[in-house]
Amino acid sequence: MEKQKKESRYKRLYSQIEELLKKCNDETARMATISAVLYNKMDYFFWCGFYRIIEDKLIVGPYQGPLACQVLLKDKGVCWACVNLKRTIIVPDVEKFPGHIACDSRSKSEIVVPLKDNNGNVFAVLDIDSKERNSFDEEDAKYLEKTIMLL
Ligand code: SME
């Protein structure tokens with residue numbers, strides 16, 4: 001998606017999500033709302049959802065898109081790299097990321113954003129996949145990081 005279109009789309013969705021989240025404080029409901037809005041309004045999002053850290057594993061949370069892996073074992077794949085490095089990871093070509101976990105072979109690029117508690121500890125990630133290579137850039141990182149702060 002072209003940079004300006006992407007930026008204005010993210011800004012519009014941010015306001016929409018901000019408004020929707022005023023209605024409910026439950027974390028699962030909020031994650032579900034964020035994933036539904038992003039997935040349905042960003043046409044290059046093929047899978048969009050959350051993984052939460054539970055007892056040293058990443059367990060899938062609310063998501064939209066094709067069936068995903070339910071459990072990601074510790075320290076494997078892009079989501080765990082995001083948890084361990086505590087920063088957003090952009091993968092332009094998943095086949096070139098050692099250890100990438102392919103829940104669906106149609107996914108070609110990916111972005112994973114960490115969710116941190118008040119002490120800076122990562123407790124979950126937002127993971128988004130695309131069927132095209134090179135779908136995600138700094139613009140996605142900037143607006144997705146801003147959006148998950150609404151949680
Ligand atoms: N590709 C991720 C696994 C989750 S799916 O993309 C939904 C990973 O390597 O951690």
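# Briefing on a predicted protein model

Setting aside neighbours within four places in sequence, Pro66 makes contact (heavy atoms within 4.5 Å) with Phe46, Trp47, Asp104 and Arg106. The structure is a predicted model, in which local features need pLDDT of at least 70 and side-chain atom pairs count only at pLDDT 80 or more, while totals for chains, interfaces and linings use all residues. Residues are numbered from 1 along each chain as its sequence is written, and side-chain values use heavy atoms, with hydrogens and water left out. The protein chain contains four helices and six strands; helices (H or I, at least four residues) and strands (E, at least two) are DSSP runs numbered from the N terminus.

**Overall architecture**

- Read from the N terminus, the order of elements in the protein chain is α-α-β-β-β-α-β-β-β-α.
- The radius of gyration of the protein chain, 14 Å, is close to the 15 Å that the globule rule gives for 151 residues, so the chain is as compact as a globular protein of that length. This radius is taken over C-alpha atoms, and the rule is 2.2 Å times the number of residues to the power 0.38.
- Taken along the principal axes, the box filled by the C-alpha atoms of the protein chain is roughly 35 × 35 × 25 Å.
- Among contacts in the protein chain between residues at least 6 apart in sequence, 53% join residues at least 24 apart.

**Surface and charge**

- Of the 151 residues of the protein chain, 46% count as buried; buried means under 20% relative accessible area, exposed over 50%, and partly exposed in between (1.4 Å probe, protein chains only).
- The accessible surface of the protein chain is about 8,100 Å², and carbon and sulfur atoms account for 48% of that surface. Accessible areas come from the Shrake-Rupley method with a 1.4 Å probe, and for residues only the protein chains shown count as cover.
- The protein chain has 24 positive and 23 negative charges, whose mean positions are 2 Å apart. Lys and Arg count as positive and Asp and Glu as negative, without His and the chain ends; each charge is placed at NZ of Lys, CZ of Arg, CG of Asp or CD of Glu.

**Nonpolar cores**

- A nonpolar core is a set of buried Ala, Val, Leu, Ile, Met, Phe, Trp, Tyr and Cys residues joined through side-chain atoms within 4.5 Å. The largest has 26 residues, of which Leu38, Phe45, Leu126, Ile128 and Leu144 touch the most other members.
- Two or more residues of this core come from each of helix H1 (3–21), helix H2 (27–41), strand S1 (47–54), strand S5 (109–116), strand S6 (122–130) and helix H4 (138–148). H1 supplies the largest share, five residues.
- Apart from residues up to four places away in sequence, Leu38 touches Leu13, Ile17, Phe45, Cys48, Leu126 and Leu144.
- A second, separate core of 18 residues includes Cys79, Val83, Val91 and Val112.

**Helix H3**

- Helix H3 (residues 77–85) has seven of its nine residues buried, so it is largely enclosed by the rest of the structure.
- Gly77, Val78, Cys79, Trp80, Ala81, Cys82 and Val83 are the buried residues of H3. They pack against S1, S2, S3, strand S4 (89–91), S5 and S6.
- Lys86 follows H3 and has a positive phi, near 55 degrees.

- Pro66 is found in the loop between strand S2 (57–64) and strand S3 (71–72). Its relative accessibility is 18%, so Pro66 counts as buried.
- Pro66 and Cys103, which are 37 residues apart in sequence, lie 9.0 Å apart in space, C-alpha to C-alpha.
- Glu139 belongs to helix H4 and counts as buried because its relative accessibility is 9%. With neighbours within four places in sequence left aside, Glu139 is in contact with Lys3, Lys6, Glu7 and Tyr10.
- Lys76 lies in the loop between S3 and H3. Leaving out neighbours within four places in sequence, Lys76 is in contact with Gly99 and Ile101, and 9.2 Å separates the C-alpha atoms of Lys76 and Pro98, 22 residues apart along the chain.

**Positive phi angles**

- Most residues other than glycine have a negative phi.
- Asp75, which is not a glycine, has a positive phi of about 65 degrees; Asp75 is in the loop between S3 and H3.
- Asn134, which is not a glycine, has a positive phi of about 55 degrees. Asn134 sits in the loop between S6 and H4 and is exposed, with a relative accessible area of 60%.
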